[in-house]
Structure formats: structure tokens, C-alpha cells
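Here's a quick tour of the sheets in this model. Have a look at the fold first, then read on for how the strands line up.

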Amino acid sequence: MRGNSLKVGTRPIWNSGPALRRLLLLGLLPTALLLPGCATSPDVSEPLTAVDSQPSIAQQFDDAAQALASGEFGNAAMQLQLLQSAGLSPSQWLQWHLLSADYALQRGDSDKAGVHLSFLRDHSISLDDDQQQQLGLLKARWHESQGQFFEAARERDFISGTLSERYWQQNHDALWQSLLQLSELQLLSWAESFPDTRFGHWLQLAAISKNSQLTLDEHLQQVEQWRLQNPMHPAATTLPGSLALLADLAANRPQQVTLLLPLSGPLAKSGSAVRDGFMAAYFESLQKGFQTPVVQVLDSQTVNTIDDAYQQALFNGSQLLVGPFNKLSVQALQQRQQLPLPTLALNYGERDQESVAAGLYQFGLAPEDEARQIAELAWQHGHRRALALVPQGSWGERIYQAFEDHWLALGGSIGERRFYPRMKDYNPEVRALLNVDDSQARFKTMRQLLRRPAEFEPRRRQDADWVFMVALPQQARQITPTLAFNFAGDLPVYATSHLYSGQPQPSKDRDLNGIHFCDIPWLLEASALHDNVENSLRNGQGAYARLYAMGVDAYRLVPRLRQLEAFPSSQLFASTGALSLDAQRRIHRQTSCSRFRAGRPERLASVQ
């Protein structure tokens, strides 16, 4: 590669004279002709335009940098190509590689960026201080582009002490965001490997931030303790991300809250589970001596209209309504211009309008989030060609649509999808999914043509490398061995959390071994609050466990909604997953991923 083979101080890639340069400036020669085989040259999709006078090299570097900063990539590529033929000094060549690496990273070409960075590393002794800072930042960005967040954070911490004010805050924020991509277990493990170091203290702080079992007061308490222990740490003087807002959130949390749930009628068990989870979190905070709001509980089945519920809440001085639980009620609220009170709805309306009522936040256990996360997990594992097996009905179709949209957007393909009915024997659906019937039909045709006996072994289709499955536990326990029976035992299966009952049952779930799925931390991580709830119920949480967790998180969201809204990229690590807020104030969940082994879920340590 020519750019990579250049030595500092040599001539540019080709011998360009003033006349050639003028032609280039006037756009009279095609770029491809001027840059034969130059693999490190930026791509130009826009034609060069004529200019009246030749700018200085310094001006061209400024123009290229400004074009990159403003996202004018066509202009940046043109400037970089012009500079390549401008007779640069050794120092200018280094600057050219820095800008070219920046250009490649912004264009998503990490391979080409790596070529420039490799060249710069080989000549790092010749870089001035500012160029050294730029190189460090580019290396961190390259790691981020590769999903190597630990390495990115370490690089950013390494250079942070040398950074000028121009780069410091951006690096500070990016370092924090990289750390938040790591799991709490990874952070704690690595913190032990870097004791009494600045980076180790960064890891400790991030682990506190990602502890899903801490309440707002506990988070604030532990962060303040960390600051006392590390007063000179850069994160102690400038708390990163949403941590800076914790004290304000605690001081201005709602003092009165109304909880509106169906506590009678057909949804009574679901509503009661959410209420009990909410109150379990409330009493936990109360027992620990932390401030709690006054909670008024209303049965939505005994309230005539949602407006009556608002009136009662306002009469009692509530500052927030938590509920309703019914999807149709949430849909109706979504279509209003404004609401009498800020409202944390415990379900989602349809995504059929661009704007929703001011003050309406929507939170639930949307299976669409899981479908998108499964798509990302399979993609990270290198799979590209999917088969899909999903239950019939609107529920299954919603999940499949979310999966399909996300998987295709990632660049994957779907060879076949089957919407299966509730049945005792799933073999016909599985055989159709795998095209095993077609294989046998082809054999029968050949045997008739040959008119003599022939050996035959059925085969499944070969155009898929994984299966996306949505199934309840009993269905999954039948479908999985049926896949193996039809010669697909080697196809990886990824499923939504619906295949896991929430309770380890090794004898029943042995057939699920190897299946990847993502579920809420409440079911996969040890938690004192979970155990308290489980032990307080005669028959345990059973099939309602996820709703108890939803109630816990509804309580913890009460003081945190402002945090999620003020920092759109922030997450609250909670019992139902890592929670974030989108522009329509819908709360999304990123859950923990596991794989069945010996009939039990086993956390995937490498999944972030």
C-alpha cells in the first residue's frame, strides 16, 4: 500500500508538478486517473470544482479539518487528495495521515483508518505534542469502532493527563461512555487488576453506576463515598454523565405519587404483581432509612375514567401518576395534547404518531426490544442468514416484525419464516422451515426417473446459519429436539426470554442446551430484594416474576425520569435491564444475555 510505505520526508505518492496540480485544481483530470492504485486515498464521490487561486498548504489543512468537523466528507476527501500532491514536509505528512485516519473513521472504514494509524505509530517519535494527542484520540476511536471498549477506555485514560483543554472534556465523556459498555462483572474484575490507579478508580466508579440493585439514594451515597476516597481523580472534580445529576434528582424527587393498576377483574393478578413489586422497592428504601414518596394506590377497575383517576391524584397532591396498565388507555393518553400530571404509563401505545402527549413516559416489557437485541447478539456472533419460527397471531407478528426490521437493517438476510399454530406436533412446521420435505420430494422424483432402488439421506436447507425462535417453555422444549431430528442440530438457536420459565428446571430444560436468549437481570442475577419477594409469597413469583421486576423498576424510575430525559444517551441499570429513553419518551430495555447449559441459564460474560 503506497500510503503505508511512505517515509517521512519523501515525495508524495506520484511525481506531480505544478501543471498537473493546476489541472487537478481545475478538475480537468479525473481523480481515478491521478490516483492509480492508491489504497489509502479517500474516496471522492463528488466532482472537483474549479478554483480561482491556489490556497496555501496550511489553508488546505485547515479546510480539510473544517470539512471533517462539519461532516462535508466529499470536500474533505478532495482537500486530502490535493494535499497528497502538494509537496508536504515530514511534519505535514504526519498531519495528513492524522486527518486521513479521522476521515476513514468518520466514514466507517476502520481498516483504512488502521493503515494510517499503523503508519503514525511507526513515526510517533516525530509527532509534536498536539499530534500525539490527536493520535491517542484516534486510537481510542478506532478501538471503539471495533467494539473494544476496555481498550478504548484505557487509551483515553492514558492520554487524559496530557490533553489540552481543547480535547479534555470530549475525552472525559467518551471514556465514561466506553466504560458503560462493559458489564458490571467485567468492571469489578478489571478494577481488581488495576488497584490504586487512576484507571482502576474509573472502573470502580463505573461499576457503582452499573449496579442495578442500588436505589437513587444508595447510588448517591456510594458516589459521594468514592469522591471522598479519590478527591483528586478527574471524575471526582467533574462527575461524568448523569452522575452529576444525582444530587439534584434526590433533592427534587416527587413527594406524592399515585399508582393506578387493575387490582380486580381479569388483569388483577398482573396488576397485583406490579403493585407488589412497586411496594417491595418502596419498603426496601424505607427500611434503609431513605426518603420515600407518599403512595396512593387506585384500582383502575373501580375508577370510571382516566380523568377521574387524575382528579383523585391531584386532590391528594400527587406529582406523578404511575399507570395506567391497559394498552388502550395508554393509546388514548398518547393522543392527547397534554396531561393533568406527568405520567409513567405501564404499557405502550402504538407507534402511529410522531408526537405524543407532553409529560407522558411509557414503560413496559416490550418483547420487540428483546427481538432487536437478539438480532444484534446473533450479528455479533457472526451469523448473517436467519430462519425464523414464531407463533401465529398479532403478538408473534409484532415480535417478528421488530426482528426483521432490525436484522435487515444490520445487513442480514432471512431465508424463511414460519408462523406456527399451537399444536402437539411441531414436526410439520419445522420440516417446512428446513425444506426437508423438498429434499424428500426430489428423491422420489429421481427414484421414479431412475426406476431402481437408491440410497437416500434427507438434508435440510443449507442457506441459513441460525434460527430465531419465539416460543413458550413447553413449545421450546418440543421444537428444539424437533430441529435436531430434522438434521438442524448444528444450527445455533437464539430465542426471546419467553422460552425461560424464570425458575431453573434442569430436568425439563435440558433440551434447551445451547440456546441463546436474553432476559431480565431480576431472573438471572442474585438480588436480596428478589429473594425477599420470592420468600414472602406462598407460591413464589411464578409466571409473574417479570411483572414484579417491572413494579420494582417503576418505583425506581419515579425520581429518575428527569435523568433519562436530560441525558438521552444515559441508561438506568435496573431489574428489568438497562433502561433508556427515546425521543418519544418510550423507555427501552437492554437485557442480560445467557445460554442454556445443563438445563440452566449461564451468563455470557463476553456480551456487553
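## The five-stranded sheet

Five strands, in the order β2-β1-β3-β4-β5, make up an open sheet with parallel pairing. At its edges sit β2 (294–299) and β5 (358–362), each with a single partner strand, so one side of each has no neighbour in the sheet. On average, neighbouring strands here are turned by 30° against each other, direction ignored. Strands (E, at least two residues) and helices (H or I, at least four) are DSSP runs numbered from the N terminus, and two strands count as paired if DSSP finds at least two bridges between them.

Zooming in, strand β1 (residues 256–261) runs parallel to β2 and is joined to it by 6 bridges. Leu259 has Val297 in β2 as its bridge partner. Helix α17 (residues 306–315) lies across β1, β2, β3 (320–322) and β4 (338–345), at about 95° to β4. Contact here means heavy atoms within 4.5 Å; axes are lines fitted to C-alpha atoms, for helices over the stretch in contact, with angles from 0 to 180 degrees between N-to-C directions.

## A word on the model

This is a predicted model, where local features need pLDDT of at least 70 and side-chain atom pairs count only at pLDDT 80 or more, while totals for chains, interfaces and linings use all residues. Residues are numbered from 1 along each chain as its sequence is written, and side-chain values use heavy atoms, leaving out hydrogens and water.

Strand β6 (residues 385–391) runs parallel to β8, with 4 bridges joining them, and Leu389 stands opposite Met469. β8 also pairs in the parallel sense with strand β9 (residues 493–495), over 3 bridges; there, Val467 has Val493 as its bridge partner. From β8 the chain crosses through helix α23 (residues 473–488) to β9, a right-handed β-α-β crossover. Right-handed means that, with the strands pointing away from the viewer, the path from the first strand over the helix to the second runs clockwise.

## The antiparallel sheet

Three strands form another open sheet, ordered β11-β12-β13, with antiparallel pairing. β11 (572–574) and β13 (587–590) are its edge strands, each pairing on one side only. Strand β12 (residues 577–581) is joined to β13 by 4 bridges, and Leu579 stands opposite Arg589 in β13.
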